[in-house]
Amino acid sequence: MFKLGAEVFSLPLEEKLQYEQGDSGRSFGFEILLFPMAQDLTEA
Amino acid sequence: MRRGECNIILFVTAAPELDRLSDASEFMNIAKDDVLAFPQMVHRDYPPTVTTAMTSVVKPFVCKSLEVNNTVLRVFSRRLGLPEGSLEALHTRDQQSGSEARLIRVPAMPGKSLADRPTIGAHSDFGSLVSVSFLFLFCFHR
């Protein structure tokens, strides 16, 4: 399953975006967030 | 809690010194219903990379995860003094649900104190249970 994850995220972005999850309210499909989500908790 | 949802999450992250991508976080969420019904489609389609692995990789993973989830639900039912099977009855396989296996790629963050750990910002999960697995891929995207 981890290998599958690496393979999926190695696909060209254009291909992944064909499966973008959309605005249906469901989260199935591809999503990309173009801003850092991780937070440095030590700075909080 | 949304009825009948248990989610399975895998983090795939890159080592800071080897990451050559942008700061984008990526998610590929595969619906449990689509996995169990494959090759029939319940909610949506997925990249060929996913569908090719659906039977040999994704379905065994999801089925094993559901076994674990049901065990946890059974323990909760018992420890909370609920009628036997009450929580499991809300998570049967024949009900459509928002359950999914979620693949996550989190970018490396050089210079941050958490750069050596897969992490994601503060957030709310949905559903009844979320199980999380982590993997550092030190050669990812080389």
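**Conventions**

I number residues from 1 along each chain as its sequence is written, and I letter chains from A and number ligands from 1 in the order in which they are written. Since the model is predicted, local features need pLDDT of at least 70 and side-chain atom pairs count only at pLDDT 80 or more, whereas totals for chains, interfaces and linings use all residues.

**Entry: the two chains**

I began with the elements, taking helices (H or I, at least four residues) and strands (E, at least two) as DSSP runs numbered from the N terminus. Chain A has two helices and one strand, in the order α-α-β from the N terminus on. Chain B has three helices and four strands, and I read its order as β-β-α-α-α-β-β.

Next I looked up burial, where a residue is buried if 20 or more other C-beta atoms, placed from the backbone, lie within 10 Å of its own, exposed if 12 or fewer, and partly exposed in between. By that count 23% of the 44 residues in chain A are buried, and for chain B the figure is 30% of 142 residues.

I then turned to contacts, which are pairs of residues whose C-beta atoms, placed from the backbone, lie within 7 Å. In chain B, among contacts with a separation of 6 or more, 78% come from residues 24 or more positions apart.

**Entry: confidence in chain A**

I checked pLDDT, the predictor's confidence in each residue from 0 to 100. Chain A averages 80, and 77% of the residues score at least 70. Among its elements, strand 1 of chain A has the lowest mean, 90, and helix 2 (residues 13–17) the highest, 94. Over residues 37–44 of chain A the pLDDT stays under 50, and there the model has 17 contacts beyond four places in sequence.

**Entry: the core**

Which residues have the most contacts inside the largest nonpolar core? A nonpolar core here is a set of buried Ala, Val, Leu, Ile, Met, Phe, Trp, Tyr and Cys residues joined through C-beta atoms within 7 Å. The largest one has 19 residues, and I found Val8(A), Met28(B), Ile30(B), Val35(B) and Val58(B) to have the most contacts inside it. At least two residues each come from helix 1 (2–9) of chain A and from strand 2 (25–31), helix 3 (54–79) and strand 3 (100–106) of chain B. Leaving aside residues up to four places away in sequence, Val58(B) touches Ile30(B), Val35(B), Val50(B), Ala53(B) and Ala101(B).

Seven of the seven residues of strand 2 of chain B are buried. Both of its faces are covered, with Ser25(B), Phe27(B), Asn29(B) and Ala31(B) on one side and Glu26(B), Met28(B) and Ile30(B) on the other.

I counted two strands as paired if DSSP finds at least two bridges between them. Strand 2 of chain B pairs antiparallel with strand 1 (residues 29–33) of chain A over five bridges, and Met28(B) is the bridge partner of Phe30(A). Strand 2 also runs antiparallel to strand 3 of chain B, with six bridges; Met28(B) stands opposite Leu103(B), and Ile30(B) opposite Ala101(B). Strand 3 of chain B is largely enclosed by the rest of the structure, because six of its seven residues are buried.

Helix 3 of chain B has 26 residues and reaches 35 Å from its first C-alpha to its last, close to the expected 38 Å, which is 1.5 Å times one less than its number of residues. Its buried residues include Val58(B), Val62(B) and Leu73(B). After the helix comes Gly81(B), with a positive phi near 75°.

Ser99(B) sits in the loop between helix 3 and strand 3 of chain B. Why does Ser99(B) count as buried? I found 27 other C-beta atoms within 10 Å. Its C-alpha is separated by 9.4 Å from that of Asn29(B), 70 residues apart along the chain.

Last, I looked at Pro39(B), in the loop between helix 1 (32–37) and helix 2 (48–52) of chain B. A cis peptide bond joins Phe38(B) to Pro39(B), with omega about 10°.

Definitions and conventions:
Contact = placed C-beta atoms within 7 Å.
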